[in-house]
Amino acid sequence: MDHTRTPLFTALCEHAANNPVQFHIPGHKKGLGSDSEFREFIGDNALSIDLINIAPLDDLHQPTGVIEEAQKLAADAFGADYTFFSVQGTSGAIMTMILTVCKPGDKIIVPRNVHKSIMSAIIFAGARPVFISPARDSNLGIDHGITTRAVKRALDRHHDAKAVLVINPTYYGICADLKEIVELVHSYDIPVLVDEAHGVLIHFHEKLPMSAMQAGADMAATSVHKLGGSMTQSSVLNVRNGRINPQRVQTIISMLTTTSTSYILLSSLDTSRRNLAINGHDIAERAIELAQLARTEINKMPGLYCIGEEILGGEATYDYDPTKLAVHVRHLGMTGYEVENWLREHYNIEVELSDMYNILALVTPGDTSDSVGTLLTALRDLSEQHHANESNELVVKIPEIPHLSLTPREAFYSETEVVPFKESAGRIIAEFIYVYPPGIPILLPGEVISQTNIDYIVDHVEVGLPVKGPEDRSIQFVKVIVEEEAIS
C-alpha cells in the first residue's frame, strides 16, 4: 500500500482550503467564535480542521470513505487485518476488546496488575475475572508479566473462559513470551487480547519486543499517542480475522465513542501512521540508541540503577523495551515520588511516573541528545547530593493480592456504606483504589480489604504518591458492601 498517502488529513486540508460557509457545529466556526487568547495560541490552521462528520469527511461510526481508507493503511502498517481508530484513548479500545468477547457471567483470564480500564470494562460487561498473579520483583518493588505456566493452570481450571488478556509490554517495558502464550491459548480455541498501550514502536524495529499482531494475537489496543507521535487521546485497535467478528467490534466501539469525534485526533492518527510506516525503523533506532546511552551512564551513578537486559531470562522477563528508562532510586534513601519532585524543582524535568522505589522516563522519537543530556545531568547531580543517604534505604514492600469475594460488577452495584479506611480490614470494597500513573488497582470492587493493603496504601498517601479512586479523595473513608447481621 502507498503509505505516503494520508487520505483523511488530506481531505481535511482540502475542505479547509475550500473555506465553506459553516452552519454546523462546532460553534467556534474556524475559530471566529473562540476566545481570542486561545485562538491566537492554538492557531487558525488547527481550528479550521476542528470539524465533524459531514459527508466529505466520512464518519468514524460507519466509515465508507477517507476514514475507511486511513484505517486500511493503518492495518497494513500494524500487520493487522482490521484497524479501528479510537478517539477515546487506549482505554476505549481496551473496553471494546472485552465487551466484544464477554457477556454477563462470562469468565475472562487477566493479570492482576491490569489497568483500571480493563476492570471498568469487566464491570460494564458483567464478566467474571479470573486473576493470574504476575511475577513479582521484590528487589525493584514492581510486577512484571505473567508466565505461560500460570496461563496454562488458569485455562485448565477455567476451560470455559471466553478470552485471555495479556499486557505486552508492561508499563515498565517488560514482556513475557507473548508468542508462546498466544500459541498455548489458541490450542484451547480461545482468543488472546493484548493491552499494548505502551508498545506502538515495537511494530517497527527488530531490536524491540514482538508485537501482538506478530505474535498472532486476536486483538490489541495500541496507544499511538503515548510513543508514536499522534495527539493525546488517539489510539488504535488492531484486529486479526478468525476468532473475532470485525462487525461486532465496529458495533461495540461505536457504542463507546462520542458522536462528536475529533477530526484533529483522527488526522493525527493518519499522519502518525504515515510517519511510522515510512520512518518508523529509523526513528525507533534513534530512540533506542539514546536510551541505551542514557542507561549506560545512569548505571555509573552511585545509588541509581536503570534496569536493562540483565534482568531477562525468566518466563515473565522474556524481553524488554530499552526505550523505557526505569530507574530504581531506593539506594538514595529517597522515594520515587521525592525524586520526581526533585527533578521538577531543580531541573524543570517531568518524568512519566514515580512509585515508591522507581521513576520512569520515556525516550521517544521526540527526544534528542540535548533532552537526554539534560536528564543525565540532573540525575548525576541527584546522585552526588544524595548517594550518601544509602544507610537510610527504604525497605521494599509489594502489596499482597487481595481475595476476590464478589464479581466487580456485583460489588460496584451493591448496597454500600462508608467506613473509616483504617478500620476497614475484612470488609469488601465497592470502589477502586489505585496509584495513577500507572493506574493499576491496589484494591478493586469485590475484593476483601486486608490490614496489609491498608498499611501499603497509607504509606503511599503519606509520602505523597497520587493514590486515587475512592469518592473520598483524602482516602480517609472508603465505600464498602453493607453486610447483613447474622440471625441468631
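In which sense do strands S1 and S10 pair, and over how many bridges? Strand S1, residues 82–86, pairs with S10 in the antiparallel sense, over 5 bridges. Please bear in mind that this is a predicted model.

Let me stay with strand S10. In S10, Val239 is the bridge partner of Tyr82. Strand S9, residues 219–222, also pairs with S10 in the antiparallel sense, here over 4 bridges, and Ala221 stands opposite Leu237.

I turn now to another sheet. This open sheet has 4 strands in the order S11-S13-S15-S14, with antiparallel pairing. Strands S11 (305–306) and S14 (353–354) stand at the edges with a single partner strand each, so one side of each lacks a neighbour in the sheet. S11 pairs with S13, residues 324–328, over 2 bridges, and Cys306 stands opposite Val327 of S13. Helix H12, residues 263–298, packs on the sheet and touches S11 and S13, its direction making about 10° with that of S13. Helix H13, residues 336–347, lies across S14 and S15 and runs at about 50° to S15.

Finally, the surface. Phe38, Phe41 and Ile42 make a nonpolar patch of about 350 Å². Ile42 belongs to helix H2, residues 36–42, and counts as partly exposed because its relative accessibility is 36%.

Methods
Residues numbered from 1 in each chain as written. Predicted model: local features only at pLDDT ≥ 70, side-chain atom pairs only at ≥ 80, totals over all residues. Heavy atoms only, no water. Pairing = 2+ DSSP bridges. Contact = heavy atoms within 4.5 Å. Axes fitted to C-alpha atoms, helices over the stretch in contact; angles between N-to-C directions. Patch = residues over 30% accessible without salt bridge, like charges linked within 9 Å, V, L, I, M, F, W, Y side chains within 5 Å. Areas by Shrake-Rupley, 256 points an atom, 1.4 Å probe, with all protein chains shown as cover. Salt bridge = Lys/Arg side-chain N within 4 Å of Asp/Glu carboxyl O. Buried < 20%, exposed > 50% of the residue type's maximum accessible area, 1.4 Å probe, protein only.
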